[in-house]
Amino acid sequence: ITLNPSFGLAVTDKTDFLLRVGYNRIEQLEYVGLPSAVANVPGVNPFQFTSAPDAPKTEIENLSVHGSLTHRFNDAIAGAIQLRRFENRVDEFASTPFFEFADVQGTAAFQIRGSLPVDLVQWTGDAHQTVEGATGKVDHTLLVGITYDDTNYVGATGFDFSNFLVPYDYLTETPALSFGEVPTLNPALENDYQTFAVYAQDHLQVGERLSLLLGGRYSQYE
């Protein structure tokens with residue numbers, strides 16, 4: 001499911017407001033693909049489905065809301081303020097091979113089942129100003145701005161190492177395995193990230209055929 005509505009409003013003849021929303025949701029049976037250890041082995045079917053067909057479906061959900069306010073002070077100067085919120089949620093369920101415990105045939109591996117839930121929230125703000133002018137025969141478009149973002153990430157893992165599923169032989173295409181019970185999750189880990197940056201850019205136009213773009217950015221990340 002994907003939805004992308006937008007709304008624009010001319011507040012005045014010099015001020016515009018734009019709101020954009022993006023939403024998508026995916027549900028799918030997770031498939032990790034062929035391991036590189038057996039992908040090029042003669043006789044291994046590259047199209048075989050090796051994951052557990054009865055595993056819970058992985059769910060992915062994204063939501064973003066982006067608003068911007070633009071104002072033209074005069075023919076040469078304009079400014080804009082932008083604010084964005086992004087949310088991401090993932091509930092992943094998958095079975096995956098561990099060749100560290102492969103058997104003597106070399107094309108079989110034990111499968112473990114796992115769960116990986118993630119919640120992410122991000123705020124981003126940006127303010128910039130554009131100034132157009134000329135020095136002699138050179139036209140300038142100068143852009144200066146600041147940006148800040150704050151990201152909060154919470155994730156947990158749950159892998160079942162205690163009771164290995166029976167080995168899956170990629171050469172003989174052993175029948176697909178059962179996922180079984182959802183593993184118990186480990187305590188969630190939380191990460192916070194902040195980035196502050198200032199930037200400047202000058203677009204120089206010399207005549208009709210030559211242009212030069214100069215830019216610089218300083219970022220501080222924590």
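Author: Let's start with Thr 147, which is found in strand β7, residues 138-155. Helices (H or I, at least four residues) and strands (E, at least two) are DSSP runs, numbered from the N terminus. You are looking at a predicted model, in which local features need pLDDT of at least 70 and side-chain atom pairs count only at pLDDT 80 or more, while totals for chains, interfaces and linings use all residues. Residues are numbered from 1 along each chain as its sequence is written, and side-chain values use heavy atoms, with hydrogens and water left out.

Thr 147 is buried, because its relative accessible area is 14% (buried is under 20%, exposed over 50%, partly exposed in between, using a 1.4 Å probe and protein chains only). Its side chain reaches the backbone oxygen of Gly 125 at 3.1 Å.

Now for the charged side chains. The structure holds 8 salt bridges, each a side-chain nitrogen of Lys or Arg within 4 Å of a carboxyl oxygen of Asp or Glu. In one of them, Asp 16 meets Arg 72, with 3.1 Å between the closest N and O atoms. Asp 16 sits in strand β3 and Arg 72 in strand β4 (residues 58-72), so this pair ties together parts that are 56 residues apart in sequence. Both partners are partly exposed: Asp 16 has a relative accessibility of 30%, and Arg 72 has 32%.

One of its partners is Glu 59, where the closest N and O atoms are 3.8 Å apart.

Let's move on to the rings. Rings of Phe, Tyr and Trp (its six-membered ring) pair if their centres lie within 6.5 Å; planes under 30 degrees apart are stacked, over 60 edge-to-face and the rest tilted. The count comes to 3 aromatic pairs. In one of them, Tyr 168 and Tyr 170 have ring centres 5.0 Å apart and planes at 65 degrees, so the pair is edge-to-face. Tyr 168 is buried, with a relative accessible area of 1%, and Tyr 170 is buried with 1% as well. Tyr 193 and Tyr 221 make a stacked pair, with 6.2 Å from centre to centre and 20 degrees between the planes. Tyr 193 lies in strand β10 and Tyr 221 in strand β11, so their pair ties together parts 28 residues apart in sequence. Tyr 193 is partly exposed at 29%, whereas Tyr 221 is exposed at 57%.

Strands β10 (residues 189-206) and β11 (residues 210-221) run antiparallel and are joined by 12 bridges; strands pair if DSSP finds at least two bridges between them. Across this pairing, Asp 202 stands opposite Leu 214 in β11. The two strands form a hairpin with 3 residues between them, and in its turn Gly 207 has a positive phi of about 65 degrees.

Notes: A polar contact is a pair of N or O atoms within 3.5 Å; within protein, one must be able to donate a hydrogen and the other to accept it, and residues adjacent in sequence count only if both atoms are side-chain atoms.
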